[in-house]
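Please open the model in your viewer and keep the selection panel at hand. The tour below goes from one selection to the next and says what is found at each stop.

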Amino acid sequence: MSLFNVYPLYTVTPVKALGSTIWDVKGDTYLDFYGGHGVISIGHSHPIYIKYVTEQINNIGFYSNSIINPLQEKLGNLLPQISEYPDYSLFLCNSGAEANENALKLSSFHTGKSKVLAFKNSFHGRTSAAVAVTDNPKITAPINSQQEVVFCELNDIENVKKEIAKGDIASVIIETIQGVGGLDEGSTEFFRELEKVCREYHVVLILDEIQCGYGRSGKFFAHQHHGIKADIISIAKGMGNGFPIGGILISPEFTSSYGLLGTTFGGNHLACAASLAVLEVLVSEHILENVQKQYEYFVKKFSSLSQIQKIKGKGLMLGLEFDFEVAELRKKLIYEKKIFTGNSSNKNLLRVLPPLNISQNEIDVLYDSLQFCLK
Ligand SMILES: Cc1ncc(COP(=O)(O)O)c(C=O)c1O
């Protein structure tokens, strides 16, 4: 059986990885400045991660959500503390799209409305609020037609207010920093006004922190740079450092009831063990401090490259904007200098999403390689 051909592939076959280094089947080493769409937060094969996951698989890997799972409880205690949302509760699922689907669903149950307000060029997975970030005209509309979605321009608060004032919006969903869309972000003023208008009209504010959360921006959640709070926060990617896990943090305003949400695999023992290892390493190795430190080093260093028009993003969620399309540059970086980087729907933007414990030396290697490829 052939694989359903939906992914353009680089001809690299990774077989082993440690920290920011990947080995391929031929024994060549690569530096990972992409982490498979920003998933690798604490580095590949971190020893604490390996310990937690292997010990867990030797005990119990999975049972359904019909039994007591102390690992879920541990995650449910730790996460709200570390993220500074102490009174929020946690629902666990398996991916980013699922986290957002549950957030949208919960908002509809809570408000009795179904319309969603999202932002142009945003990406929330293959969900009701998915927006086209590809050239494929077949996916320029919401994928799941159960919920009507209205799209506004980022930072156009007047239009947002106008839409919300119509009274039929259940939720606003927004990435604090757009990932796949190319690292545009709302201003602090915009986010504060957005929070205010959502409160005024009892619209649920969903912050999609699937890519920009879990320390990637230099704060645990990127929206904490703006001093705002969400009603629901969706998380995935860096949460499991490669083990599939997602979830939503839910405000105490929401009432739970049996059967309201549910999943077979969500919150399974192995996923929880992986996620607990991530939290432990984030805290014990002061990873957020490293993110801020390397961000400052990166911006200072890369600002000297005259071909770069703009450095976008925060922390280690960065984009280098050029005045040309970067597809060939990415190919050169991977095949000639053995460095993984990322693309986005902005074809002139090279995305940089390394593990959050990346070192200055590794950033230097990226710099030298980029300089070489730009000649
Ligand atoms: C901001 C954001 N939300 C949601 C998703 C969807 O996550 P998943 O691919 O795990 O379904 C992504 C994936 O890239 C994302 O970047």
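## First stop: a pocket

About 880 Å³ of space lies in the second largest pocket, and since this is a predicted model, please read every stop on this tour as a description of a prediction. To find the pocket, select Leu 90, Phe 91, Ser 256, Ser 257 and Leu 261, which lie nearest its centre among the 29 residues that line the second largest pocket. Then colour helix H3 (70–82) and strand E4 (89–93), the elements that give two or more residues to this lining; of the elements, E4 gives the most, with four residues. If you colour the lining of the second largest pocket by class, you will see 13 nonpolar, 14 polar and two charged residues.

## Second stop: the ligand

Next, select the ligand together with the 13 residues that surround it, of which the closest are Gly 96, Ala 97, Asp 208, Gln 211 and Lys 237. Divided by class, this shell holds four nonpolar, six polar and three charged residues, and its largest share, three residues, comes from helix H4 (residues 96–111).

At Gln 211 the side chain takes part, with an N or O atom 2.8 Å from an oxygen atom of the ligand, while at Phe 123 a backbone N or O atom lies 3.4 Å from a nitrogen atom of the ligand. How much of the ligand's area does the protein bury? Taken alone, the ligand exposes 390 Å², and the protein buries 81% of that.

A search of the whole structure finds two cavities of 30 Å³ or more.

## Last stop: a sheet

Finally, switch to a cartoon view and select the open sheet of four strands, which has the order E1-E2-E3-E13 and mixed pairing. At its edges are strand E1 (14–18) and strand E13 (339–340), each of which pairs on one side only. Strands of a sheet pair through backbone hydrogen bonds, either parallel or antiparallel. Which way do strand E2 (residues 21–24) and strand E3 (residues 29–32) run relative to each other? They run antiparallel, and three bridges join E2 to E3. To end the tour, select Ile 22 and Tyr 30, and you will find that Ile 22 stands opposite Tyr 30 in E3.

Terms used. Residues are numbered from 1 along each chain as its sequence is written. This is a predicted model: local features need pLDDT of at least 70, side-chain atom pairs count only at pLDDT 80 or more; totals for chains, interfaces and linings use all residues. Side-chain values use heavy atoms; hydrogens and water are left out. A residue is near a molecule or strand if one of its heavy atoms lies within 4 Å of it. A polar contact is a pair of N or O atoms within 3.5 Å; within protein, one must be able to donate a hydrogen and the other to accept it, and residues adjacent in sequence count only if both atoms are side-chain atoms. Accessible areas come from the Shrake-Rupley method with a 1.4 Å probe; for residues, only the protein chains shown count as cover. Ala, Val, Leu, Ile, Met, Phe, Trp, Tyr, Cys and Pro count as nonpolar, Asp, Glu, Lys and Arg as charged, and the others, Gly among them, as polar. Two strands pair if DSSP finds at least two bridges between them. On a 1 Å grid over the protein atoms alone, a cavity is a set of points where a 1.4 Å probe fits but cannot get out, and a pocket is an open set with protein on both sides within 12 Å along at least five of seven lines; lining residues have an atom within 4 Å of a point. Grid points are joined across faces, edges and corners, and a volume is the space filled by probe spheres set on the points.
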